[in-house]
Structures are given as C-alpha cells and as structure tokens.
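The entries follow the order in which I checked things.

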Amino acid sequence: MVVALALDAAFGWPDALYRRIGHPVTWIGGLIGALDRRLNAPGDPEAARRAGKVTVALVLGATLLPALALQAALNDGLFAALLAGILAWPLVAARSLHDHVSAVAEPLGSGDTEGARHAVSMIVGRDPATLDPPAIARAGIESLAENASDAVVAPLVWGALLGLPGIVAYKAINTMDSMIGHRTPRHVDFGRAAAILDDWANWVPARLTGALFCVVSPSPRAAFAAMCRDAPGHRSPNAGWPEGAMAAALDCRLSGPRVYAEGTADEPWLNEGAPDPGPDTMERALSLYRRAMLIFGAGLLVLWLV
C-alpha cells in the first residue's frame with residue numbers, strides 16, 4: 001500500500017495508460033451497469049432488493065477471485081511488495097482527487113464563476129446553476145474531505161489489512177455505492193445492500209480520516225471536539241467525520257442546504273456560525289489534505305518497516 005500511494009502521488013493514472021487499457025474502476029463500473037440494466041426491477045421492491053443482493057455477490061465474486069489468485073501467486077519479500085503495490089496503484093486516487101479539487105479552486109480564485117461551476121459539477125451531484133461562489137467552495141471542500149476517506153484512506157486501510165483482495169473488494173463496494181447506492185426511485189431498493197455494505201466498509205476509515213485532519217489542523221483539540229459534536233448530525237453515518245474535521249480545521253462552515261436534480265436537501269450545517277469558505281479556504285483545504293495524506297503514508301511506511 002505504501003508503494004501504491006507513492007506511485008499514485010507521483011504519476012496519478014496516466015492518460016496514455018487510460019487510453020490504452022482503461023481503468024479497473026471503469027471495468028467494475030461496466031459490470032455494475034450491466035447488472036443494473038439486466039436485474040433491476042424498480043416496480044417491485046422485494047424483487048429489486050433480492051436482485052441488489054445478487055448484484056453485490058456477483059460483483060464481489062468477479063473482482064475478488066482474480067485478486068485472491070494474484071495474492072496467492074505472490075511470495076513474501078520486497079519484490080512481492082513492489083509488485084503488489086503496482087497492482088494496487090490504480091485503486092488509489094490521491095492525486096486525482098487533489099487535481100479535481102484544484103481545478104475548482106483555480107477558476108474560483110480568478111473570478112471565473114462559470115468555470116468553477118463547470119469544474120465542481122465534475123465531482124459533485126448538485127445542480128451547478130444554483131451554486132454561488134461560497135457554495136462552489138463548500139462543494140469542493142466537502143468533496144475533498146469525503147473522498148479523502150473513500151478514495152485514499154479506506155482503500156489503503158483495507159489493502160493494509162487484507163492485501164490485494166482487501167483493496168479490490170473495497171473498490172468494488174465503493175463503486176457499487178456510487179453507482180446504485182442512491183435513494184432514487186430506481187435504486188432505493190436495488191442499491192440498498194450496496195449502500196449498507198459501503199457504510200460498514202467506511203466506518204473506521206472515515207473516522208481515521210477525520211482524526212488525520214484534526215492532527216494537522218491549527219488547533220487539533222478544538223477540531224476534534226467540533227468533529228465529534230457535528231458529525232453525528234450529518235445525513236451520512238461516515239461523511240460527517242472528515243467533513244466536520246475539515247470545517248473546524250479551516251474555521252468555515254460546510255454542508256447546509258443544497259439543490260440536487262431530484263430536489264432540495266435541507267441539511268444541517270457543519271461548524272455552524274463560522275464564515276463561508278472562499279478561494280483561499282480551498283487552497284488551505286488542499287494544503288491540509290496534502291499534510292494529512294503525507295502523515296498517513298508515513299504511518300503506513302512505519303507499519304511496513306516494523
């Protein structure tokens with residue numbers, strides 16, 4: 001996992017490689033989409049729930065079996081660790097996350113609100129037309145905080161615990177949740193099993209990510225207290241922890257009401273009473289993220305060496 005994080009931080013997933021072979025997450029997504037089209041029965045809640053459980057089993061089986069075979073073929077030692085890290089590399093998205101949020105911060109900082117709206121629409125599901133500059137900044141920072149857990153810490157935690165099968169299974173679960181784990185008429189029943197499984201898989205990583213943000217904040221104790229106060233009120237059992245820690249560390253408010261394609265969500269504020277974030281806050285958020293991931297990577301390295 002140390003090797004995977006280092007490779008991702010250095011190179012991301014190169015465009016040339018993507019054009020040539022695609023990406024493992026898109027392969028998994030293709031399977032999920034095909035099963036959704038084939039098995040989902042939105043008009044029958046019980047049938048949709050059963051089909052959703054079958055989909056989870058099929059996706060996990062299709063991804064875990066190759067990962068288990070590869071893990072079994074690897075021997076102990078440095079070469080095996082390097083090879084496993086190369087195989088795990090595309091399942092970590094530390095650099096991609098940073099680049100996507102930076103792509104929002106840059107036009108927002110230069111006064112290009114339309115450009116910032118377009119960039120943030122690539123990473124959140126909100127109606128971009130409803131977003132003013134503070135809302136754009138909130139959306140970008142929230143995405144950075146939540147996905148620091150989902151796209152970096154969680155896959156590496158499961159990989160550190162269970163090797164290639166752990167990181168592959170997590171990415172399969174998380175991809176299912178992102179595609180079908182929504183409370184929309186089509187997926188509220190079909191995606192229920194995937195959403196519950198994703199909540200379980202992210203329980204520890206989300207809290208660990210929040211703790212990392214607290215550690216690198218200007219006032220760790222105050223950030224930790226604010227996170228513990230606000231996170232339980234978040235709509236998600238997990239996302240509130242890294243988002244609450246980020247809000248406290250940056251001394252800004254996050255979450256709150258937002259507009260999606262399916263309607264308005266009247267969410268409570270995180271760090272209510274603090275000012276709205278701006279472009280400079282986004283830059284500080286990216287700096288906080290880099291420091292937190294550096295500490296996390298160093299912690300993985302220490303665990304590997306001992």
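Which side chain does D36 meet in a salt bridge? I found R186, at 3.2 Å from N to O. I count a salt bridge when a side-chain nitrogen of Lys or Arg is within 4 Å of a carboxyl oxygen of Asp or Glu. D36 lies in helix α3 (residues 24-39) and R186 in the loop between α8 (133-180) and α9 (192-215), so the pair ties together parts 150 residues apart in sequence. Helices (H or I, at least four residues) and strands (E, at least two) are DSSP runs, numbered from the N terminus.

I noted that this is a predicted model, where local features need pLDDT of at least 70 and side-chain atom pairs count only at pLDDT 80 or more, while totals for chains, interfaces and linings use all residues. Residues are numbered from 1 along each chain as its sequence is written, and side-chain values use heavy atoms, with hydrogens and water left out.

I then looked up burial: buried means under 20% relative accessible area, exposed over 50%, and partly exposed in between (1.4 Å probe, protein chains only). D36 is buried at 11%, and R186 is partly exposed at 34%.

Next I checked E114, which forms a salt bridge with R117, the closest N and O atoms being 2.4 Å apart. Both lie in helix α7 (residues 113-121), three residues apart, about one turn of the helix. E114 is exposed at 54%, whereas R117 is buried at 18%.

Last, I searched the whole structure and got seven salt bridges.
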